[in-house]
Amino acid sequence: MNQPAGSEPAALRTAGAGGSNAWTPRAGDGVVLPTGDELERLRTLARRRLRSRGVGTPDLPLGPTRRSPEAPGGAGTGTRPGTVGPGGAPAGTSLLEGGTERTLEPRPVIVDPGAWAVLEAGVAQRLRLLEAVADAVYRSSPGDRRHPDGVVGRLLPPEIVYANPTFVAPAVGWEPTGDRRIVLAGFDVRAAPGGGWHLLADHLAAPAGLGRALENRELTTELLPAAYQQARVRRQSPFLATLRQALAELTPPDAAEPRVLMVSPGRGRAGGTDAGIHAELGELARTLGFTMAEGSDLAFRRGQVYLRALAGLEPVHVVFRFVRDRLADPLELTAWSTVGIAGLVAAARRGAVGIANGLGVEWLETPALAPFLPALSEALLGEELQLHGPRTWWCGTPEGLQEATGRLDALVVAPLDPDLATIDGRLLDAAGLDDLRRRITARPWRWTAREPADEPGASSPTLRVFATARRDTVAVLPGGCAFPGPTPAVTADVWVPLPPGGRVAELPLRVSGLGQVDFSESLPSRSGEALFWLGRYAEQAENTLRLARTVLDVVERQPLEELTRNLSPASGPAAHGWLHDLVEAVDRLTGSTLSGATATEAVAAALSDEDRSASLPRTIGNLIATASSVRELVSPELWQPLERLRESMAHLDDPGVVDDLAAVRDELDRMLGSLAAVSGVVWESMVRGPGWHLLDAGRRLERAAALVTLLDATLGGRRPRDVDDELLEALLVAGVSLIAYRRRHRSDLELDAVLAILVLDPSNPRSVRASLAALVHDLAQLPTTSRPGGRDATLGRAREALAYVDRLDPRTLARLASSTEREAGTLETALGRLHTSIEQLSGAIGDEYFRHVWVAQLPTGTLPRNGG
Amino acid sequence: MTAVRYRVTHQTRYAYTGEVGLGYNRAVLRPRDTGRQKVTAFALDIDPAPDHRHDHVDLYGNTITVFSIEQSHKTLTVTANSEVELPADDPQLTLAGLAPWEEAVTAAAALTGPERAFALDSPLVGASEELAAYARPSFPPGRSTYDAVGDLTARIFEEFEYRPGSTSVTTPTHEVLASRAGVCQDFAHLQIGCLRSLGLAARYVSGYLETQPPPGQPKLVGADASHAWLSVLLGDGTWLDLDPTNGLVDPTSHVTVAYGRDYADVAPLSGVIFAGAVTSTLSVAVDVLRLS
């Protein structure tokens, strides 16, 4: 095989020197882009907008961690089993990339329509070419009918295919559904100094950035409405319609109601792709209208792929995956991968599922392919290759090896394994160069050398452009994602103006093949679990804030000696100690068993101590992280109050605030306001599907549990005559029921009346009774599962708890505990019983709907050796 | 030419400490037809019965069975029953074997199909200067391929101790080289690494040995378990089997199951389960009977 002497960017060189850069903003057309102070203002605004969408912000600490199925998330200070890593390790909430906050550069990159046409044609050709190469390699190597001479070995060295760690051997020999492997591809390009375009990288396995391109467009048009109108920018929607169509075309022939599912590598788990990809996939999923799941939400059963949904298994026909090839199936690809779908290859092999992009395309990203593409293009497409990258040599040929080792100090060297680092020869000293030369000479086939892409003078930004392929068409997204700075965390929109005379209204094509199917009742179990915990965390945060504020109020009002007396533990009839008990409630609700030395210290710990499992920062962190994991399911308006909560948390840490009680209380009030806004968004802007009912169920369960804990900590073990009015008032304040009480009773605080309003009152939405009633209603709206007993068992439990509360009587409750023998219906027995019921309900809901979330993926066992 | 028939029973069993809800496995247990070996019967019994089961042929021509068990189970037993025929004749010297080993290097470099990977690094076996240095004394320039690879096979047989338990599935070759101990899988990997380091193509072979040797012959090492050896590519494109564990060149009664770049391609049974916290115990039994 003759390797060309480097891939010469002939098209670029002949494009004429001195031509204007293709990306120059065309101010001459009246498009005015911001500069100076105005630009800075827009940058700040963009940052704020991104934050209020819940992207770009740094993480708060995440709460604790996995509980085994044997110990399902308890009521009281509930924390969510699984998914959130220990010690807050994953950097998940945000699109933090390389530790930098993700931001938007408001100035779009504007590409001249003529230059764009060149790029569009080049990119479209490249996608067709890569598809043809993938097809030639995987269709079946021996005796390929379409390419009788074999592409590998003749046009392509076998080393860069078969010895490439990203080559997927199990993908050889069968044809993917729709006869297509590449549906969506990303290409990094840069305008060449002399005109034309340089191709820098191909993204095929998990092409990131489309979600960001959509989001950037939305934000940029908000920030620059006038410029956007003047520029007559081409729309993104026709491309998205083509993408949906292309995905629909992968549906296996016998699927009646084809369903496309997006598969993300998950939050915080890089899986070899950008850590932030989960967030942008949420954006994409929402725009495309596909359900998003993670690999373990899918199951291979009876030869098909199914989604583990609330109601049971639901068939999936096309998997639109953003998980790298090698991680896509722990059964046939990489056993330790937990982001894949066990059995995916088997399902695809028998044509039961379409996969986009097809398994095995990742190796085509290798830079070693570049020198062979011109000849492959001639052979497979009958066309001259249009888009070239920097000159590249594969060292596996003598000429390539000679060129590379001869001037290593001017080249960038990439190993065949993409997980190994690329080496910039220009940065090495003589010893380093010698060492590298030795390593290359020892196994030259492993190395590819290329001219650096950042040649001096190339100051134009890198653009990531996207192309999608369906039956006989390749569509290129007009625009894309620009990286104007040194870090991928900063991106900008790309505008492609219409050519003169072009029409703005590009109507999206109607997607055939994806019929109108109502998936509103369908929810991945994992998402259901996240929404359930979203409700619980929101309520948990509210409860902690209210109780903390109540305690602070009491502290401010009490004379010092009273305070001291009330803080000591109750010992004997004279010592009231109720403030001590209130503080104990704070501790119990925030997951601590240690009481603070003073009430304010205890409250401070509840509000700031990140070691407490359910302290305010942990709860708020969990709330935001959980919301981020189901971005595609929650209203975008939710991010504004969540961002305010995050700001308040940071504010509480300010040195000026920590020691100023009034300032702390102000901040707590602001946070309660933000949480009320969260409730408002949930209540007013979320469709009443199973997801909403789970969220509400979580909230109600948590509310009942917290109230039971509060009453138990303060009234448990107390005699009626030892109950202070001040304690009763504090309980009513913490339970948001003081005003209701005053309106109803206009009297002094009576224990039985207080308990009636907190525990029994069906019209007080904060009461245990009302919370359980709402819970019963929510559970009744959830789908029935195929589990034995099914939903009705869980529902029965909730109804039983409700009926129990209905049998309670305020006067008996107010006896608290009988001093001698246990008495049915006193507060102490009732709280014990309710506590158990709520714990059991929490476990039952988990068993019913989220059980698989807790199941671990393990190896079948020790591998049997060839031990002879 | 008479043929010898063998019946092989290979049972792999996992016992779990708790219920396993779902299990997915890949079995490489069906002996393949080779130039010499003919498979006359094969049955793979899986208990509990799989809910889905599908055979396919991999890149190297091995038959792979992928199966899933979608019911709760506490044990998994996979039993492969095979009958194969092997010619009873003695090994034949070939011209390619007598040609200088450098010709085998040329042939390895000229491979254009998936076999090219047999000459290059694979997940468990990579070329290295250490391995080349160990191998080099057996490969003076111009020596015949038979003599060179035979000498290397004999040296590994003599210099390395067969010691079960001293290595694991993933022990790298340089550790085996340093400790001079291992089992058949390690010796096969080691010799493959040596040959690849010199530019030769070598593939991993999994299979079986006769459990009870014919009268008057010693029982071979590895007869009670599944065995592993290797093949090296000769200058004419044919492959020659080498068994460093027993010091054999071109063994005639080994039963071949599968070829691969290394163990990872042809592990007899591998997969994943979905379960709570369970542990498992593995037991393997192999029985190879001469039928005629």
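**Exercise 1. Chain A as a whole**

What percentage of the 868 residues in chain A do buried residues make up? State also how chain A is built from helices and strands.

*Solution.* This is a predicted model, in which local features need pLDDT of at least 70, side-chain atom pairs count only at pLDDT 80 or more, and totals for chains, interfaces and linings use all residues. Residues are numbered from 1 along each chain as its sequence is written, chains are lettered from A and ligands numbered from 1 in the order in which they are written, and side-chain values use heavy atoms, with hydrogens and water left out.

Step 1. Take the cut-offs: buried means under 20% relative accessible area, exposed means over 50%, and partly exposed lies in between (1.4 Å probe, protein chains only).

Step 2. By this rule, buried residues make up 61% of chain A.

Step 3. Chain A has 28 helices and 19 strands. Helices (H or I, at least four residues) and strands (E, at least two) are DSSP runs, numbered from the N terminus.

Step 4. Contact means heavy atoms within 4.5 Å. Of the contacts in chain A with a separation of 6 or more, 73% join residues 24 or more positions apart.

**Exercise 2. Two helix pairs**

*Solution.* Two packed helices are described by the angle between their axes and the distance between the axes.

Step 1. On the α22(A) side, A:Leu728, A:Leu731 and A:Leu732 meet A:Leu751, A:Val754, A:Ile757 and A:Leu758 of α24(A). The residues of this contact divide into seven nonpolar, no polar and no charged. Here Ala, Val, Leu, Ile, Met, Phe, Trp, Tyr, Cys and Pro count as nonpolar, Asp, Glu, Lys and Arg as charged, and the others, Gly among them, as polar.

Step 2. Residues of α17(A), including A:Ile620 and A:Ser628, meet residues of α18(A), including A:Trp639 and A:Arg646. By class, this contact has eleven nonpolar, one polar and one charged residues.

**Exercise 3. Two single residues**

Is A:Ser377 buried or exposed? Place A:Val855 in chain A and list what A:Val855 touches.

*Solution.* 

Step 1. A:Ser377 is found in helix α10 (residues 373-381) of chain A. At 0% relative accessibility, A:Ser377 counts as buried.

Step 2. Not counting residues up to four places away in sequence, A:Ser377 touches A:Gln125, A:Leu129, A:Gly382, A:Glu383, A:Glu384 and A:Leu385.

Step 3. A:Val855 is found in the loop between α28 (827-854) and β19 (856-859) of chain A. At 33% relative accessibility, A:Val855 counts as partly exposed.

Step 4. With residues up to four places away in sequence left out, A:Val855 touches B:Phe274 and B:Ala275. A:Val855 and A:Ser296 are 559 residues apart in sequence and 9.6 Å apart in space, C-alpha to C-alpha.
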